[in-house]
Amino acid sequence: MATVLVVEDDEFVRSAIIHELGRRQHAVRSAGCALDALREIAQSPPDAVILDLGLPDLDGSEALRMVRGISDVPVIVATARDDEAEIVRLLRAGADDYLVKPFSGDHLSARLDAVLRRARSAPAPRTIAVGGLVVDVDRREAALDGGPLALTRREFDLLAYLAARADRVVTRKELLAEVWRLAYGDDQTIDVHLSWLRRKLGESAARPRYLHTVRGVGFMLSAPR
């Protein structure tokens, strides 16, 4: 049994989905608009969300973007739009699956079971510890000696990449390709972000603790010795 949030403004369709899911022993909550759904997800996260795109207050694709901003809950988009490009866009925006209306109760149940299986078999959150530095990759949080680090998105990506390769020299070219997703670029970009990161780690290039420059090669993150 799972807790499922049905986000659908059509009362008839919403009742039919609730009936089908209840018949299969799921606990079902519902919302008729995007803002109510976001409140439900934030306050009492369900195991899965079935999201209609034609909502009265927000377009479903915008609602999906907002859901992804607060939760990794599995989302099945329910839509009357069968355009392939639109479906691909929604999947890339964070939907886990989709159903084209009208659909049967059996079809809905099978898709729901599939996304729940994938969610329940997901790996445990990845945490990297290097000395007093702890990086929680999935939560995108980092702490140093027990205190949280306030990092920008790029600073976190850079720190996480280096921490996952602790005690290994990482080249500038690799950082550009894997962190910035660029085939080439200005090395100064890396230097500026490393400088900001060093400052937040309480160190400097002249007196490094964690972030070390390997002259002519790249950079290495390692625990203080």
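User: In what order do the 4 strands of the open sheet stand?

Analyst: This is a predicted model, where local features need pLDDT of at least 70, side-chain atom pairs count only at pLDDT 80 or more, and totals for chains, interfaces and linings use all residues. Residues are numbered from 1 along each chain as its sequence is written, and side-chain values use heavy atoms, leaving out hydrogens and water. Strands are DSSP runs of E with at least two residues, numbered from the N terminus, and two of them pair if DSSP finds at least two bridges between them. In the open sheet the pairing is antiparallel, and the order is E6-E7-E8-E9.

User: Why is one side of E6 and of E9 left without a neighbour in the sheet?

Analyst: Strand E6 covers 127–130 and strand E9 covers 147–148.

User: Which residue of E9 is the bridge partner of Leu144?

Analyst: Strand E8, residues 141–144, pairs with E9 in the antiparallel sense over 2 bridges. In E9, the partner of Leu144 is Gly147.

User: Which residue in the turn of the E11 and E12 hairpin has a positive phi?

Analyst: E11 (residues 211–214) and E12 (residues 218–221) are antiparallel and share 4 bridges. Val214 has Gly218 as its bridge partner in E12. The hairpin has 3 residues between its strands. A positive phi of about 80° belongs to Gly216.

User: Is Ala205 buried or exposed?

Analyst: Ala205 lies in the loop between helix H8 (187–200) and E11; helices are DSSP runs of H or I with at least four residues. Buried means under 20% relative accessible area, exposed over 50%, and partly exposed in between, with a 1.4 Å probe and protein chains only. Ala205 has 55% relative accessibility, so it counts as exposed.

User: Over which ring does the charged end of Arg111 sit?

Analyst: A charge sits over a ring if NZ of Lys or CZ of Arg is within 6 Å of the ring centre and within 35 degrees of the ring normal. Arg165 lies over the face of Tyr161, at 3.5 Å from the ring centre. For Arg111, at 5.8 Å from the centre, the ring is that of Tyr98.

User: What is the radius of gyration of the protein?

Analyst: This radius is taken over C-alpha atoms, and the globule rule is 2.2 Å times the number of residues to the power 0.38. The C-alpha trace spans about 70 × 35 × 30 Å along its principal axes. A compact globule of 225 residues would come near 17 Å, but the protein has 22 Å.
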